[in-house]
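Subject: Structure handover and notes

Hello,

Here is the structure I promised to send over. My notes follow below it, so please have it open while you read.

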Amino acid sequence: MIDRFGRNITYLRLSVTELCNLRCRYCMPEEGVCKKDHSSMLTQEETVMAVKAAASLGIKKVRVTGGEPLVKPNIVSICRGIAGIDGIEELCLTTNGIRLPELGHELKKAGVDRLNISLDTLDADKYRYITRNGDLADAVKGIETALSCGFEKIKLNAVLIGGFNDDEIADLAGLTVRYPLDMRFIEMMPMMDSRIFSEDAFIPYTVVLDKLPELEPVTSDGGVARLYRLPGALGNIGLISPISAHFCAECNRLRLTADGKIRPCLHKCDEYPIKGLDYDGMRDQFKAAIEGKPQWHGELSYTARSGAGRSMNRIGG
Ligand code: SAM
Ligand code: SF4
């Protein structure tokens with residue numbers, strides 16, 4: 001369905017849980033989130049029905065996210081349900097990778113086409129620091145599993161954080177020379193939890209270009225990342241710049257939170273609830289959300305904070 005600004009809305013980011021087994025400092029409060037009553041969250045049946053309703057309006061690609069989607073006990077069966085919906089051409093999942101060794105093969109069999117795995121650092125101490133409790137070895141095992149399960153076009157995501165991982169840009173980018181995967185650097189967004197970082201931590205994507213002058217531009221794959229490649233590499237480097245060069249004019253996405261709120265824009269708090277509705281009711285809400293999608297997210301910077309009104313794990317990154 002085309003919105004008021006001529007954008008064809010084809011992509012749904014679907015959060016299946018607010019919970020997570022890590023506590024990344026830019027995403028989530030240290031104490032985690034209060035586990036909500038089951039009755040306020042979408043059931044598996046409602047989730048699959050919602051995606052069907054969205055598909056009937058032209059959604060073709062779904063990315064399952066969270067929180068951490070792999071802590072959801074019925075995640076494999078949710079993915080199987082979504083993969084079987086007419087009109088859904090691509091099913092992707094974003095994860096911190098920790099539970100991939102247990103679930104990678106089953107997710108592939110259930111119909112997940114592609115994985116994005118978060119990895120901000122290659123240093124075990126820094127990994128423990130940024131995730132507040134994570135073990136880098138677990139994430140690495142998850143990435144190895146993803147490669148061995150035969151997932152194609154695996155993408156690793158690193159949030160660029162000045163003074164934390166800007167000294168690792170070359171090492172992280174170097175993974176694309178050794179492994180058939182893409183490495184993407186994402187500007188840190190001024191969401192609620194990233195308040196704990198000073199202004200110097202918010203660095204633009206151009207830092208990557210400065211550090212890696214040998215990068216060669218690659219034709220865009222239609223996504224929001226600017227693509228480059230290191231000479232002789234097996235995968236691309238993607239640069240994602242929600243702050244320094246926003247991509248609202250090409251934004252083709254909606255979000256659906258785990259508690260059943262459709263969000264037309266990550267940085268605005270407008271929500272269209274669908275919990276408890278039947279198929280037609282959900283479809284009407286998706287239509288209203290597309291019609292209500294704003295032209296852009298408004299000014300975003302260290303001082304002009306996101307208007308999201310929820311932490312990232314409670315929206316779906
Ligand atoms: N738990 C999964 C993971 O970490 O990949 C999926 C959910 S997480 C919210 C999705 C993505 O959002 C991750 O790549 C994470 O790094 C990113 N993210 C979270 N907070 C962010 C922020 N303030 N700025 C930029 N990216 C952020
Ligand atoms: Fe969890 Fe992902 Fe947020 Fe990290 S970025 S706290 S792994 S939801």
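Cys 92 is buried, with a relative accessible area of 0%. Here, buried means under 20% relative accessible area, exposed means over 50%, and partly exposed is in between, using a 1.4 Å probe and protein chains only.

Before going further, a word on how to read all this. This is a predicted model, in which local features need pLDDT of at least 70 and side-chain atom pairs count only at pLDDT 80 or more, while totals for chains, interfaces and linings use all residues. Residues are numbered from 1 along each chain as its sequence is written, chains are lettered from A and ligands numbered from 1 in the order in which they are written, and side-chain values use heavy atoms, with hydrogens and water left out.

**Cysteines**

How many disulfides does a search of the whole structure find? The search comes back with zero. Cys 92 is in no disulfide, and the nearest cysteine sulfur, that of Cys 79, is 10 Å away. For Cys 149, the closest cysteine sulfur is again in Cys 79, at 13 Å, which is too far for a bond. Cys 149 also counts as buried, at 12% relative accessibility.

Two packed helices are described by the angle between their axes and the distance between the axes. Axes are lines fitted to C-alpha atoms, for helices over the stretch in contact, and angles run from 0 to 180 degrees between N-to-C directions. Helices (H or I, at least four residues) and strands (E, at least two) are DSSP runs, numbered from the N terminus.

Helix α1 covers residues 44-55 and packs with helix α8, residues 279-291, at about 55°, the axes being 9 Å apart. That makes α1 and α8 oblique to each other. Angles under 35 degrees count as roughly parallel, over 145 as roughly antiparallel, 65 to 115 as roughly perpendicular, and the rest as oblique. On the α1 side, the residues in contact are Glu 46, Met 49, Ala 50, Lys 52, Ala 53 and Ala 54, and they meet Tyr 279, Met 282, Arg 283 and Phe 286 in α8. Contact means heavy atoms within 4.5 Å. By class, this contact of α1 with α8 has seven nonpolar, no polar and three charged residues. Ala, Val, Leu, Ile, Met, Phe, Trp, Tyr, Cys and Pro count as nonpolar, Asp, Glu, Lys and Arg as charged, and the others, Gly among them, as polar.

Helix α1 also packs with helix α2 (residues 75-83), at an angle of about 25° and with the axes 9 Å apart. These two helices, α1 and α2, are therefore roughly parallel to each other. Their crossing is right-handed. Gln 44, Thr 47, Val 48 and Val 51 in α1 meet Ser 77, Ile 78, Gly 81 and Ile 82 in α2. The contact of α1 with α2 divides into four nonpolar, four polar and no charged residues.

**Two backbone angles to look at**

Arg 132 is not a glycine, yet has a positive phi of about 65°. You will find Arg 132 in the loop between α4 (124-131) and α5 (136-148), and with a relative accessible area of 21% it is partly exposed. Lys 153, also not a glycine, has a positive phi of about 50°. Lys 153 lies in the loop between α5 and β5 (154-160) and is exposed, at 60% relative accessible area.

**Some buried positions**

Not counting residues up to four places away in sequence, Arg 63 touches several residues, including Tyr 11, Cys 92, Arg 114 and Asn 116.

Val 112 sits in the loop between α3 (100-110) and β4 (114-118) and counts as buried at 2% relative accessibility. Val 112 and Leu 93 are 19 residues apart in sequence, with 7.1 Å between their C-alpha atoms.

Best wishes

Key
Disulfide = S-S within 2.5 Å. Left-handed = near helix turned anticlockwise from the far one by under 90°.
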